[in-house]
Amino acid sequence: MSAATDFGKVAVLLGGGSAEREISLLSGNGVLKALKSKGVDAHAFDPAERDLFELKREGYARCFIALHGRGGEDGTMQGALEVLGIPYTGSGVLGSALAMDKARAKLVWQASGLPTPAYELLDGVGDIQGVAARLGLPLVVKPVKEGSSIGITKVRAAADLEEAYALAVNYDRSVMAEKLVEGPEYTASIVADAALPLIRIEAPQGNYDYQNKYFTDDTKYICPCNLPASKEADLKALALESFKLLGCAGWGRIDLMLDSKDEPWLLEVNTSPGMTGHSLVPMAARAVGISYEELCVKILEGAHVG
């Protein structure tokens, strides 16, 4: 195929105004370089610095969304592009919004009988100790609508809950406490609505935080993940089901863990995952012979309106 003629003028949306701007710039510039190498007429477009209506005025035919976090991954950008009538990559308005709201995503999964750790929303600091008593320790305290492990604290003592809440609320008024699952962490990448090989994540001291995700080489990524084939197939099917239940489509990534009994627990869905040198979707794609450049083109092929 002739990518340049098939796609027309393409905007790679990157940067933005969220707490994940730094990572989005890394992702977007990687995607931009890859698409250009495949002959695509691709251009960087930072919504934090330019009016979205310029997309229409300047004749952009498609958008590759490489934005992370609020304003780019939560349905708002998707809604704006729907109004403009410009096809874009990834999930639509509903799927993006639901996946970004970790609490509501878990409600959908719970209602459908899918396994996800018990949680409660924290309303100020008034009943924090009560939450610890009801859910039991250890807990994970996190902003409801942030990504990249920003604002997250693992809490093993009730006395540390208030500090964890204070950190999380800096990033989002809505904060949740979730039962901590202790065990190996896996991620399932979805591309063209199909699950790629799972990756097992082994972070230093089990702490897969912002620093260990993007800026160190100490985290180990194991792919193939060394699970029995039947177990991996079951987890991939669970991940795909959880993705579709939220109304997500195209491409994304589902994070999950196995507990001490080898039972799976869904954590969250990322509808615009990282595309940096440390990112997991490109890693999973390489395991089945798809290069970074080919992956970017494949994602762009799925651009849609509605």
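**Exercise 1.** How many aromatic pairs does the count come to?

*Solution.* Before starting, note that this is a predicted model, in which local features need pLDDT of at least 70, side-chain atom pairs count only at pLDDT 80 or more, and totals for chains, interfaces and linings use all residues. Residues are numbered from 1 along each chain as its sequence is written, and side-chain values use heavy atoms, leaving out hydrogens and water.

Step 1: apply the rule. Rings of Phe, Tyr and Trp (its six-membered ring) pair if their centres lie within 6.5 Å; planes under 30 degrees apart are stacked, over 60 edge-to-face, and the rest tilted. The count comes to two aromatic pairs.

Step 2: take Phe45 and Tyr60. Their rings are edge-to-face, 6.3 Å centre to centre with 80° between the planes. Phe45 belongs to strand β2 (residues 41-45) and Tyr60 to the loop between α3 (53-57) and β3 (62-65), so the pair ties together parts 15 residues apart in sequence. Helices (H or I, at least four residues) and strands (E, at least two) are DSSP runs, numbered from the N terminus.

Step 3: turn to Phe64 and Trp251. This pair is tilted, at 6.3 Å centre to centre and 55° between the planes. It links distant parts of the chain, with Phe64 in strand β3 and Trp251 in strand β12 (residues 251-258), 187 residues apart.

**Exercise 2.** Are Phe64 and Trp251 buried or exposed?

*Solution.* Buried means under 20% relative accessible area, exposed over 50%, and partly exposed in between (1.4 Å probe, protein chains only). Both Phe64 and Trp251 are buried. Now check the other pair: Phe45 is buried at 0% relative accessibility, and Tyr60 is buried at 8%.
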